[in-house]
Amino acid sequence: MTTTRSSSRPAAAARVAAALGAAALLTLAAPLAASAHVRVNPAQVDPGSYATLTFKVPTESATAGTVGLTVDLPTDTPFTSVTYQPLPGWTTVVTTSTLPEPVQLDGATVTEAPTEVTWTADPGTQVGPGEFQQFVISAGAVPETGSITLPAHQTYSDGSVVDWADETPASGEEPEFPAPVLYVEDAPPADEHGGHDMSGGADGAAVAAGDDSSSGDAGSASDSVAVGIGIGGLALGAVALVVSVVALTRRPRAAGATRPGTDGAGERR
C-alpha cells in the first residue's frame, strides 16, 4: 500500500501572505483616507481682514475625476467682498444673492452679499484620481464671529456629488464628510491644517497669498507622502494576495502518486 502525505507548509504560507496583505491594506490605506478631506487654508484669520482662502480638493474616486466645486458662503455673517484667483481650465462664478435677513455691518444695513462660489471644469479638464487641486478666493471683511462653516460640494465626472457639509459635533469626533471651517475668534483644533493669521486689507491679502503658497507646498508634500504610502500599501496587499493564491494552487504532488503511463515504481509501462 502506498501512503500519501500532503505538506502543510503551502497552506501556512498562504495564511501568512493573506494576513500580511490584509494588514497592509488596512494599515497603510488608513492615512490616505484620513487625509482626503476638502479643507480651507489657513484655518484661522483675523476679524476685519481680507483673507486669501485656499480650498484644497483631493479626488478620492478611483474611476472618476473632479469636474466641479461649489462653496457655500455665510449669509448670517456675510462677506461683503469675494473675488477669485483665475484657474486655467476652469470657469469661476461668484453668485450674489439677497440675504434671508438684513445684516448690520459697521452701521450699514446689508441686504445682498456673495453667497456662493462655483468652479466648473472646461471640457477635457478634470482633477484625476490620486490628484488634488487648489481653488483660491479672497474674502472680506472677515466678520467678528467665532467660526464660519463653508460647506463644499464636489462634483465628479460620473455625475456623483460629495457634500462636505457635516458639522463637527460637540464631542469633537470628526464626521465622515466634515465641512471646511474657517476659525476667527475661536481657536481651531490642534490637528487642523494651516494656522496663519491674515490681516490688513489688500496688502494683507497679498502677504497672505505668499503665506498660502508656502503652507500649500508643505500640505502638498504631506498629502503626496500619504498618497504614496496608500498606493504602496495597496500594491503590497495585492502582491501578498497573489502569493497566497499561488501557494494554494501549487501544492507538491503527493508522495507515491503515479504519473500517467508509469507503474507504482515510476517505471514506464
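A search of the whole structure, which is a predicted model, turns up three aromatic pairs. Rings of Phe, Tyr and Trp (its six-membered ring) are taken as a pair if their centres lie within 6.5 Å; planes under 30 degrees apart count as stacked, over 60 as edge-to-face and the rest as tilted. Take Trp 119 and Phe 135: the ring centres sit 5.2 Å apart with the planes at 55 degrees, so this pair is tilted. Trp 119 belongs to strand β6 and Phe 135 to strand β7 (residues 132-140), so the contact ties together parts 16 residues apart in sequence. Both Trp 119 and Phe 135 are buried, where buried means under 20% relative accessible area, exposed over 50%, and partly exposed in between (1.4 Å probe, protein chains only). Ring pairs also bring in Trp 90, giving a cluster of Trp 90, Trp 119 and Phe 135.

Trp 164 and Phe 177 pair up too, with centres 5.4 Å apart and planes at 75 degrees, so this one is edge-to-face. Trp 164 is in strand β10 (residues 161-164) and Phe 177 in the loop between β10 and β11 (181-183), so the pair links parts 13 residues apart in sequence. Trp 164 is buried, at 0% relative accessible area, whereas Phe 177 is partly exposed, at 26%.

As for the overall layout, the protein chain has two helices and eleven strands. Helices (H or I, at least four residues) and strands (E, at least two) are DSSP runs, numbered from the N terminus. In order from that end, the elements run α-β-β-β-β-β-β-β-β-β-β-β-α. Of the 269 residues in the chain, 37% are buried.

Two loop residues are worth a look. Gly 130, in the loop between β6 and β7, is exposed, with a relative accessible area of 52%. Its C-alpha atom is 7.0 Å from that of Glu 60, although Gly 130 and Glu 60 are 70 residues apart along the chain. Asp 106 lies in the loop between β5 (90-105) and β6 (108-121) and counts as exposed, at 87% relative accessibility. Together with Glu 144, Glu 185 and Asp 186, Asp 106 forms a negative surface patch.

Residues are numbered from 1 along each chain as its sequence is written. Local features need pLDDT of at least 70 and side-chain atom pairs 80 or more, while totals for chains, interfaces and linings use all residues; side-chain values use heavy atoms, without hydrogens or water.

Key
Patches are made of residues with over 30% relative accessible area and no salt bridge: like charges are joined within 9 Å, nonpolar side chains (Val, Leu, Ile, Met, Phe, Trp, Tyr) within 5 Å. Accessible areas come from the Shrake-Rupley method with a 1.4 Å probe; for residues, only the protein chains shown count as cover. A salt bridge is a side-chain nitrogen of Lys or Arg within 4 Å of a carboxyl oxygen of Asp or Glu. Lys and Arg count as positive and Asp and Glu as negative; His and the chain ends are not counted. The place of a charge is taken as NZ of Lys, CZ of Arg, CG of Asp or CD of Glu.
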